[in-house]
Amino acid sequence: MTNVPPLHLTDDRRRQLIEAAAEARQRAYVPYSHYPVGAAILTASGAVVTGCNVENASYGATICAERTAAVKAISGGDNGFEAIAVVTSNGASPCGICRQFLYEFGPEMVVILADEHGAVCWEGPLSDLLPLGFGPTKLAEGQREAARD
Ligand SMILES: [Zn+2]
């Protein structure tokens, strides 16, 4: 998938995604970390689906904003992702679990990391955040190899 040219986002589209993520961030449920995160995914169908982090008193049950948005998009019938904007106070990058989760649905999707002022801190393909990522293609290759043995 590394031969696929990354999507070129227009400035308007980038700004729309950041604003949608910032709005979703306002709804974050973060009584423990006090670190709200908002995410907005641009799907292949052109929809923008948002998510926020939702914490839990049983910390392990917490879900990140990126996966909240992804699960909402998939459950709505959109499972191809072209871009995601993530807004945090300091422009942080997605955790490892989210990188892996997103890779399944768009290894070359554009990731935009913005801070609470809307400033873009980093932008690039998801594959730059998860080099040599494991996805459906690698799984299928491995299964074919195993079937030959
Ligand atoms: Zn995460």
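Visitor: Is Ile-74 buried, partly exposed or exposed?

Guide: This is a predicted model, in which local features need pLDDT of at least 70 and side-chain atom pairs count only at pLDDT 80 or more, while totals for chains, interfaces and linings use all residues. Residues are numbered from 1 along each chain as its sequence is written. A residue is buried if 20 or more other C-beta atoms, placed from the backbone, lie within 10 Å of its own, exposed if 12 or fewer do, and partly exposed in between. Ile-74 has 17 C-beta neighbours inside 10 Å, so Ile-74 counts as partly exposed.

Visitor: Which helix holds Ile-74?

Guide: Helices are DSSP runs of H or I with at least four residues, strands are runs of E with at least two, and both are numbered from the N terminus. Ile-74 and Val-49 are 25 residues apart in sequence, with their C-alpha atoms 9.7 Å apart in space. The helix that holds Ile-74 is H2.

Visitor: At what angle do H2 and H3 pack?

Guide: Axes are lines fitted to C-alpha atoms, for helices over the stretch in contact, and angles run from 0 to 180 degrees between N-to-C directions. The axes of H2 (residues 65-75) and H3 (residues 96-103) are 9 Å apart. The angle between H2 and H3 is about 25°.

Visitor: Which residues of H2 and H3 make the contact?

Guide: Two residues are in contact if their C-beta atoms, placed from the backbone, lie within 7 Å. On the side of H3, the contact is made by Cys-98, Phe-101 and Leu-102. On the side of H2, the residues are Glu-66, Arg-67 and Ala-70.

Visitor: How many residues does the largest nonpolar core have?

Guide: A nonpolar core is a set of buried Ala, Val, Leu, Ile, Met, Phe, Trp, Tyr and Cys residues joined through C-beta atoms within 7 Å. Among those with the most contacts inside the largest core are Ala-39 and Ile-84. Elements including H1 (11-25), S1 (38-43) and S3 (81-87) each supply at least two residues of this core. The number of residues in the largest core is 36.

Visitor: Where is His-34, and is it buried or exposed?

Guide: Phi of His-34 is near 55°, a positive value in a residue other than glycine. The place of His-34 is the loop between H1 and S1. Because 9 other C-beta atoms lie within 10 Å, His-34 is exposed.
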